[in-house]
Amino acid sequence: MSASVLFDAPGPRARARHRVLTVVGLLLILGFVGFALWKLGEKGNLAAEKWTPFLTAEIWTNYFIPGLINTLKAAAISVVLAAVFGVLFGMGRLSDNTVIRWASSVVVEFFRSVPVLVMMIAAFWFYAFNQTFDFDLVPLAAVVTGLTLYNGAVVAELIRSGVGSLPKGQSEAGLSIGLTRRQTLRIIQLPQAITAMLPALVSQLVVVLKDTALGYIITYDELLNQYKSIGSFKSNIVPAMIVIAFLFIAINYALTRVAGYVERRLRERGRVTITRGAAGPGAVAEVDTAIIDQQLHEADERALRER
Amino acid sequence: MGELFAEFNVFAAFGMTILLTVTAAIGSLLIGTVVAIMRLSPVAVFQRAGAFYVNTVRNTPLTLIIIASNIVMAVNLGFNFSKDFSRNNLIWAVIALSVYHAAFVCEAIRSGVNTVPVGQAEAARSIGLTFSQSLREIVLPQGFRGAITPLGNTLIALTKNTTVATAIGVAEISGLMSEMIEFRSDLLLFIFLIVAIGFVILTLPVGILITYLSKRLVVKR
């Protein structure tokens with residue numbers, strides 16, 4: 001057993017206690033599962049005819065697959081746009097021009113602290129009233145707008161912490177061979193930063209994919225929305241919900257595993273990585289950005305003196 | 001503009017957002033601590049059950065959990081807390097938010113405890129402290145400091161995620177925003193800014209406080 005902070009290697013008495021606790025734990029889990037199944041069965045949710053529709057091709061081709069495609073479509077467009085937004089404002093926050101830096105900081109912090117749903121709703125009505133898009137496209141456009149602004153801000157912050165996690169020697173080496181600050185950032189720091197933040201970026205994909213489900217609220221016809229049509233069509237709303245939840249969990253779990261794999265690979269190659277850790281939605285990797293802030297501050301002071 | 005505030009009670013809606021945040025924060029802290037204890041316990045069954053909870057909940061969209069709390073738990077299975085429809089939905093929204101964020105609270109606590117080097121506990125045992133003493137005096141004080149930042153980030157995320165409760169008709173600010181825009185579409189940008197700035201006001205102090213606390217309480221190693 002690996003060493004733990006909390007527990008010493010168990011002796012005979014502790015092992016006996018663990019065996020008792022194992023039995024208690026198993027009984028608790030069995031009791032809980034049994035209760036859930038009993039409750040579901042009581043309302044007829046476990047009847048075979050409620051589940052057989054999922055074995056037919058039509059329910060997949062008419063509902064699940066179109067819903068899944070819409071979910072993935074919104075996520076894919078948002079990811080690309082968020083990457084562009086993020087690189088732009090991430091570099092803006094690292095600019096040595098004070099005005100650009102402040103403006104980028106305000107934009108990034110603003111979109112990070114406004115809920116995605118609020119941005120989606122506002123975008124939805126904005127597009128609907130101004131007829132910016134075809135009527136059918138308004139929900140998709142609103143979902144993409146909300147996801148792009150929020151995740152773009154997160155990516156911008158990741159780029160900043162990615163650059164901050166690099167050894168100071170990297171930028172010093174770049175500057176000492178005669179590159180300008182901007183060249184150093186673009187040629188030396190940014191490529192390394194993007195590698196360092198790769199695992200965090202993949203975990204961010206999970207957040208994007210989960211948040212497409214918010215599109216349900218603004219009538220975007222994504223995966224979650226299918227439960228209504230399936231439920232009214234086959235009157236099996238609870239089984240439909242369970243299958244949809246399973247699809248979401250399977251995709252996101254796979255993505256989480258990919259993020260872990262990428263991180264391990266990078267670490268094996270001796271690269272610095274930043275992860276989002278356990279911080280959850282809305283949180284950004286905790287990397288000390290004090291170094292960059294100080295460098296920028298020094299650059300400011302130099303500029304002031306030269307003036 | 002004035003009529004907007006006269007017609008719609010913006011403050012009551014933000015009050016509901018705060019109420020959801022505070023109650024769900026307490027709920028998720030309770031559930032999250034229990035799950036964290038399970039994941040940190042030496043008994044494999046509890047570890048597995050805790051990991052299963054975290055992996056499942058973390059990979060499920062919050063919208064789905066909130067809608068399922070209404071469609072599956074309240075309507076289909078008939079778990080009701082109140083005869084009053086909106087009150088019942090409010091309670092289910094708090095439970096759904098707590099269940100969802102508990103997974104993140106669990107991981108925050110666990111990552112906090114994991115920042116404590118094994119040597120600390122070994123030193124505690126070697127000077128003869130008992131299990132509860134080493135937990136109380138050595139491990140938890142350090143672990144708590146390591147957990148401040150992720151816990152604070154979870155609180156900020158929770159504040160913003162309360163907006164999803166509108167999916168089951170809880171009268172919080174994003175639902176009211178939708179109504180206000182339908183009523184005065186010419187003021188769309190202004191209405192959005194009011195709501196957005198409201199959230200900046202709610203989340204910014206928490207962010208500043210976390211940064212301050214984590215800098216002040218950081219364990220030098």
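The model is predicted.

**Chain B overall**

Chain B is helical in its assigned elements: 9 helices and 0 strands. From the N terminus on, the order reads α-α-α-α-α-α-α-α-α. Along the principal axes, the C-alpha atoms of chain B fill a box of roughly 70 × 45 × 25 Å. Chain B has 221 residues, and 45% of them are buried. Take the contacts in chain B with a separation of 6 or more. Of these, 75% join residues 24 or more positions apart.

**The H3–H5 pair in chain B**

Helix H3 of chain B spans residues 44-58, and helix H5 of chain B spans residues 85-114. Their axes lie 9 Å apart and meet at an angle of about 125°. Angles of 65 to 115 degrees count as roughly perpendicular and those over 145 as roughly antiparallel. H3(B) and H5(B) are therefore oblique to each other. The crossing of H3(B) past H5(B) is left-handed.

H3(B) brings B:Gly50, B:Tyr53, B:Val54, B:Val57 and B:Arg58 to the contact. H5(B) answers with B:Val99, B:Tyr100, B:Ala103, B:Cys106 and B:Glu107. By class, the residues of this contact are 7 nonpolar, 1 polar and 2 charged.

**Where chain B meets chain A**

The contact between the chains takes 54 residues from chain B and 50 residues from chain A. On the chain B side, the elements giving two or more residues are H3, H4 (62-76), H5, H6 (118-126), H7 (131-161), H8 (173-183) and H9 (188-217). The side of chain B that touches chain A has 33 nonpolar, 17 polar and 4 charged residues.

**Annotated spans in chain A**

An unreviewed UniProt entry marks "transmembrane region" over residues 20-40, 60-89, 110-128, 140-159, 196-217 and 237-255 of chain A.

| Span of chain A | Helix | Strand | Between end C-alpha atoms |
|---|---|---|---|
| Residues 20-40 of chain A | 100% helix | 0% strand | 30 Å |
| Residues 140-159 of chain A | 100% helix | 0% strand | 27 Å |

The annotation comes from the UniProt record. The helix content of residues 20-40 of chain A, 100%, is computed from the model. So is the 100% helix of residues 140-159 of chain A.

Key:
Residues numbered from 1 in each chain as written. Chains lettered and ligands numbered in written order. Predicted model: local features only at pLDDT ≥ 70, side-chain atom pairs only at ≥ 80, totals over all residues. Axes fitted to C-alpha atoms, helices over the stretch in contact; angles between N-to-C directions. Helix = DSSP H or I, 4+ residues; strand = E, 2+ residues; numbered from the N terminus. Parallel < 35°, antiparallel > 145°, perpendicular 65-115°, else oblique. Left-handed = near helix turned anticlockwise from the far one by under 90°. Contact = placed C-beta atoms within 7 Å. Nonpolar A, V, L, I, M, F, W, Y, C, P; charged D, E, K, R; others polar. Buried ≥ 20, exposed ≤ 12 C-beta atoms within 10 Å, placed from the backbone. UniProt positions renumbered as here; feature names shortened; annotations may be inferred.
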